[in-house]
Structures are given as structure tokens and as C-alpha cells.
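This report describes selected features of one protein structure. Please consult the sequence and the structure shown below while reading.

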Amino acid sequence: MKKKHLEMFLQQSPTFPHPQPSLEQYQTPAPIAADLLYFAFQHHDIQQRTVVDLGCGTGIFSFGAAVLNASSIIGIDKDPTSIALASNFAQKHNLQIQFYVQDISEASFSADTVLMNPPFGAQKENLHADQLFLQKAIKHSSVVYSFHLTKTVPYLEKFIDSLSASIEDSFTVSFPLKAQFSFHKKLVETVPVSCLRIIHSSAEERE
């Protein structure tokens, strides 16, 4: 599947009906999701791999992994409404994906690849949530693709190194944050966000 066709398919993904600020539920735009998915696909980390979409929201990374021929896909999120929307979409399009309602602290899995756009950890209720997601993803997979505020990457690089992993590649996008919560002052605020490819030595041997 060409990247433009992947993006067109992802445009159909369900959106959050009532986004929760405490969960930092910002929809990943289809073009940006396609960027991450194709980046992972070109690194041979999706096709015929076991993939986990951690903090999957309404499932956009899961859907992309499915059409890019992952061997198995699991989507995990603590919000039951998001999981219901993701499950319905997968059934409608005959995508073989397992979705689970689970908090990050309870999730247990084993994967080749984790794809995620975790909370940036900017809200009081979610401070350092990005680090919790990274800990879980790195512990239970060989390769992680994860979006983070670009300004936090120098700190996260040290944090990731402490988890016996390293950032092997990355790219940066302009991520639009639409005004959907009461504290937003602009209709759209665009922030630099980096997609990190984080890898273990075991994954390096696989390549």
C-alpha cells in the first residue's frame, strides 16, 4: 500500500466524541499517523511483526498496522468509549485487531513493535505520563515508535538510555493541537513533535 492510500484510509478513523483533558486525548492527524506507520514499515518493523498500539485511543495506529500486514495487533487504552469506537471500526473493515480496556500500569504484553502517541505529560493529572509509557513499551518490546514534544527529547534521551535502550532514528513534524479544552487560548496551536525510533540490542541483531 502506498503512503497516500494509507493516509486516505486513516482519514476514516473515528475521533474522540468527548475528549478528556486529563487523558490528553488529542487526535493524531491521519497524515502524521501515516508518517509514523510508513517510517516503521520502511524499517521492517510492521509487516509480519507483532504490534502493540499502546494508549491506542480510537485506534488509528492499529488500523494502519493491520493494512500494512502486521502478523498480530493489540490496541490498549484505559478509555472504554475509545476502545468501543476502535473495535466497531475494525469490525466494519474486517481488520483483525484485539482491543483491551486497560490502564498503562496493568498492561502486560510481548511485542516486536510498539507504536504510540502517549500523553505529553503536560497536565497535572498526567505529569510524567510520557515516561511511564516509555518504561512499559521498552520493557515489553524490541522496537518502539513514539511521539514526544521535541523540546523534551534531550532529557528523554538520557531517560531512555537509563532503560538500556537508545534512540536510533527520528523525524520531526508540526503537530496541530486544536482548541478543544477550556484552557486553550488559540483555535489551533502547532507544536514541534518528534517521532523517536527506540531500539534494544536484540532488535539490532534481528536487523
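Strand E5 is mostly covered, with nine of its nine residues buried. Buried denotes a relative accessible area under 20%, exposed one over 50%, and partly exposed a value in between, for a 1.4 Å probe and protein chains only. Helices (H or I, at least four residues) and strands (E, at least two) are DSSP runs, numbered from the N terminus. The model is predicted: local features need pLDDT of at least 70, side-chain atom pairs count only at pLDDT 80 or more, and totals for chains, interfaces and linings use all residues. Residues are numbered from 1 along each chain as its sequence is written, and side-chain values use heavy atoms, with hydrogens and water left out.

Two strands are taken to pair if DSSP finds at least two bridges between them. E5 pairs with E4 in the parallel sense over five bridges, and Thr113 has Val143 in E5 as its bridge partner. With strand E7 (residues 188-199), E5 runs antiparallel, and seven bridges join the two. In this pairing, Phe147 has Cys195 of E7 as its bridge partner.

Which strand holds His148? His148 belongs to strand E5, which spans residues 141-149. His148 counts as buried because its relative accessibility is 1%. Leaving aside residues up to four places away in sequence, His148 touches Pro118, Phe120, Asp130, Leu134, Leu156, Val193, Ser194 and Leu196; a contact here means heavy atoms within 4.5 Å.

Phe120, one of these contacts, is found in the loop between strand E4 (111-116) and helix H5 (129-139). At 13% relative accessibility, Phe120 also counts as buried. Phe120 and Asp130 are 10 residues apart in sequence, and their C-alpha atoms are 5.5 Å apart in space.

Helix H2 covers residues 30-42, 13 residues in total, and reaches 18 Å from its first C-alpha to its last. That span is close to the 18 Å expected at 1.5 Å a residue, where the expected value is 1.5 Å times one less than the number of residues. Buried residues in H2 are Ala30, Ile32, Ala33, Ala34, Leu36, Leu37, Tyr38, Phe39 and Ala40.

The loop between H2 and strand E1 (50-54) contains His44, and Gln48 is placed in the loop between H2 and E1 as well.

In helix H6 (residues 153-162), the buried residues are Val153, Leu156, Phe159 and Ile160. Seen down the axis of H6, these buried residues fall within an arc of 115°, so they line one face of the helix; the arc is that of the directions from the helix axis to the C-beta atoms. On the other side of H6, Pro154, Lys158, Asp161 and Ser162 are exposed. Just after H6, Ser164 takes a positive phi of about 60°.

## Aromatic pairs

A search of the whole structure finds eight aromatic pairs. Rings of Phe, Tyr and Trp (its six-membered ring) pair if their centres lie within 6.5 Å; planes under 30 degrees apart count as stacked, over 60 as edge-to-face, and the rest as tilted. The rings of Tyr38 and Phe41 have centres 5.6 Å apart and planes at 35°, so this pair is tilted. Tyr38 and Phe41 are three residues apart in helix H2 and are therefore separated by about one helical turn. Tyr38 is buried, at 16% relative accessible area, whereas Phe41 is partly exposed at 24%.

For Phe63 and Phe99, the ring centres are 6.4 Å apart and the planes at 70°, so the pair is edge-to-face. Phe63 lies in helix H3 (residues 60-67) and Phe99 in strand E3 (residues 98-101), so the pair ties together parts that are 36 residues apart in sequence. Both Phe63 and Phe99 are buried. One aromatic cluster is formed by Phe39, Phe61, Tyr145, Phe147 and Phe171.

## Cysteines

How many disulfides does a search of the whole structure find? The search finds zero disulfides, a disulfide being a pair of cysteine sulfur atoms within 2.5 Å. Cys56 is buried, with a relative accessible area of 7%, and Cys195 is buried at 0%.
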